[in-house]
Amino acid sequence: MSEVETRHVLLVEDTLPLAKSYIEFLKSSPYTVEHVETGRKALNALKRGECDVMLLDINLPDMSGLDVLARMAETGMTCPVVVITAHGSIKLAVDAMRAGAADFLVKPFNAQRLKIALANLFERLAIEAERPASRVETRPPEPAQPETVTGFIGSSPAMQSVYRVIEAAAPSKASVFITGESGTGKELAAEAIHRAGPRRDKPIIALNCAAVPRELMESEIFGHVKGAFSGAVTDRDGAAALADGGTLFLDELCDMHLDLQAKLLRFLQDQSFRPVGGTELKKVDLRFIAATNKEPLEEVAEGRLREDLYYRLHVIPIYMPPLREREEDVIDIAQHLLAAASLEENKPFARLSEEVKAMFRAYNWPGNVRQLQNVIRNIVVMHEGETVTPEMLPAPLNRIAVPRVFKAVG
Amino acid sequence: MAGVAHLASEAAGEDTLGPLRDHLDPKAFREIVELYETTVRDRADAIARAARTGDFDMVRRSAHDLAGMCGQLGAARATQLARRIEGACAGGKGHDALALIPELAPAVAETLRALAEIAR
């Protein structure tokens with residue numbers, strides 16, 4: 001039997017019965033637990049440095065869990081944190097994740113949930129540890145080259161962090177959960193993970209859970225046998241069989257019906273399935289990547305996404321930042337898209353005017369890169385010239401004011 | 001009716017103490033159940049006391065603790081009331097909190113009865 005490493009858990013919880021319960025939950029696991037009741041004691045314990053993970057209640061007597069995260073960030077203390085939040089406090093959990101928490105648990109939770117959350121976290125940390133660049137930096141990290149991460153353009157800090165997670169996650173089989181608004185490149189991220197990993201020679205099969213009618217979805221994933229339903233005139237492989245050895249990308253996971261989520265959970269656990277109407281159990285070897293443009297915690301809270309499925313998939317989370325959080329990248333992406341569209345449309349466009357650059361930077365891009373792509377394509381198709389000027393911009397960009405500095409220059 | 005089963009049956013949540021009973025020796029299990037009993041009673045008393053003096057911050061904090069514990073126990077009614085009291089205090093609606101507090105006592109009493117049963 002392999003030796004299991006004992007991890008030290010710092011539990012920060014002021015309600016004693018809850019703390020005792022959590023300690024008991026972890027008793028037969030490879031964890032030692034140190035319990036403190038206040039944020040101040042937690043920070044002191046961190047200073048002593050013996051902490052592999054902190055389980056942090058958000059509501060503490062002397063400060064909030066968010067304050068603890070903020071102090072950790074200010075002082076450079078680097079212990080992965082799983083926040084414990086009350087049911088219905090999803091916003092707090094999201095705030096905590098943005099403040100640096102690695103994961104969250106919603107009260108009440110049982111022993112299994114706690115152990116899965118910790119196991120997922122340590123799996124993710126082990127993956128990251130294999131890549132020194134992804135560790136907490138004691139020196140400035142070298143900027144990841146976008147071209148090394150398939151298909152992405154941009155070197156903003158937000159994207160640097162995405163590239164590092166993609167590169168760290170790629171060699172592993174751990175499940176990845178990608179969140180982000182529409183048009184931020186979630187599918188591109190899934191492809192990048194697949195292409196950069198050992199499964200690159202096998203297929204990546206994408207399935208959009210929002211686009212397939214509910215009654216066909218099971219067959220789309222697991223396939224069917226002839227006669228399984230009217231219209232099933234031959235045996236047909238589903239995405240699971242087609243992706244064998246490769247990656248199954250489940251886009252818009254939150255739109256999957258709950259009945260099927262239960263079947264998917266079983267499939268995730270043992271990677272075996274029966275095609276619709278079939279009796280034979282088929283076994284496959286898959287890596288799972290899921291994505292959603294919704295807030296998964298809210299979907300769990302609303303009962304539209306199974307919590308156990310979420311935990312099973314949420315091993316390596318990736319947040320794709322919206323374009324408005326990537327101001328530095330907007331122009332690089334626009335230039336790249338302009339060159340590509342000009343080539344395709346056989347047009348001479350080569351640059352953006354300074355006014356257009358300023359407008360692009362100022363605009364909030366609700367449709368993200370996809371919207372930028374459409375804007376550029378529109379300009380290239382509808383206009384002539386080498387330089388894109390404000391007059392060429394389509395709606396709604398043609399309604400935003402040219403930044404004042406350019407008006408003054410005239 | 002077994003206490004844990006009873007508590008869990010009225011909840012949307014999970015039976016979290018049941019597996020602990022299987023996992024712990026009887027003495028340790030009884031200690032943890034007694035700790036819940038003591039603390040649930042203490043927080044319920046604290047809510048009543050703080051409400052009498054108009055200390056709604058204390059009402060909110062105690063209601064938060066109570067909700068967390070009752071949620072963990074699967075005691076749905078007490079959890080729900082405690083959360084509503086906490087929310088009312090957080091939203092500056094002390095009158096709403098005061099109106100809910102009398103309903104809390106029987107829900108907490110029910111939770112304590114069930115806990116006493118399983119501690120036996």
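How many of the five residues of strand E5 (residues 103–107) of chain A are buried? In this predicted model, five of five are, and the strand is mostly covered.

**View 1. Strand E5 of chain A and its partner E4.** Both faces of E5(A) are covered. Asp103(A), Leu105(A) and Lys107(A) lie on one side, Phe104(A) and Val106(A) on the other, and each of these residues is buried. Strand E4 (residues 81–86) of chain A runs parallel to E5(A), and five bridges join the two. Across this pairing, Phe104(A) in E5(A) has Val83(A) opposite.

**View 2. Surroundings of Val83(A).** Setting aside neighbours within four places in sequence, Val83(A) is in contact with Leu56(A), Ile58(A) and Gly65(A), and also with Ala93(A), Ala96(A), Ala101(A) and Phe104(A).

**View 3. The nonpolar cores.** The largest nonpolar core contains 121 residues, and Leu55(A), Val83(A) and Ile85(B) have the most contacts inside it. Domain 1 (7–129) and domain 2 (139–321) of chain A both contribute residues, so this core lies between them. In soluble globular proteins, nonpolar side chains tend to be buried together.

**View 4. Helix H7 of chain A and its packing.** The buried residues in H7 (residues 186–196) are Lys186(A), Ala189(A), Ala190(A), Ala192(A), Ile193(A) and His194(A). They pack against one helix and several strands of chain A. The helix is H6 (157–169), and the strands are E6 (176–180), E7 (204–208), E8 (247–251), E11 (287–292) and E12 (316–320).

**View 5. Contact between chains A and B.** On the side of chain A, 15 residues are in contact with 19 residues of chain B. Helix H1 (residues 16–25) of chain A supplies six residues, the largest share of the side that touches chain B. By class, that side of chain A has six nonpolar, six polar and three charged residues.

**View 6. Chain A as a whole.** Chain A has 16 helices and 14 strands. Of its 410 residues, 40% are buried. Among contacts in chain A with a separation of 6 or more, 70% join residues 24 or more positions apart.

Key
Residues are numbered from 1 along each chain as its sequence is written. Chains are lettered from A and ligands numbered from 1 in the order in which they are written. This is a predicted model: local features need pLDDT of at least 70, side-chain atom pairs count only at pLDDT 80 or more; totals for chains, interfaces and linings use all residues. A nonpolar core is a set of buried Ala, Val, Leu, Ile, Met, Phe, Trp, Tyr and Cys residues joined through C-beta atoms within 7 Å. A residue is buried if 20 or more other C-beta atoms lie within 10 Å of its own, exposed if 12 or fewer, and partly exposed in between; C-beta atoms are placed from the backbone. Domain bounds come from an automatic or database domain assignment. Two residues are in contact if their C-beta atoms, placed from the backbone, lie within 7 Å. Helices (H or I, at least four residues) and strands (E, at least two) are DSSP runs, numbered from the N terminus. Ala, Val, Leu, Ile, Met, Phe, Trp, Tyr, Cys and Pro count as nonpolar, Asp, Glu, Lys and Arg as charged, and the others, Gly among them, as polar. Two strands pair if DSSP finds at least two bridges between them.
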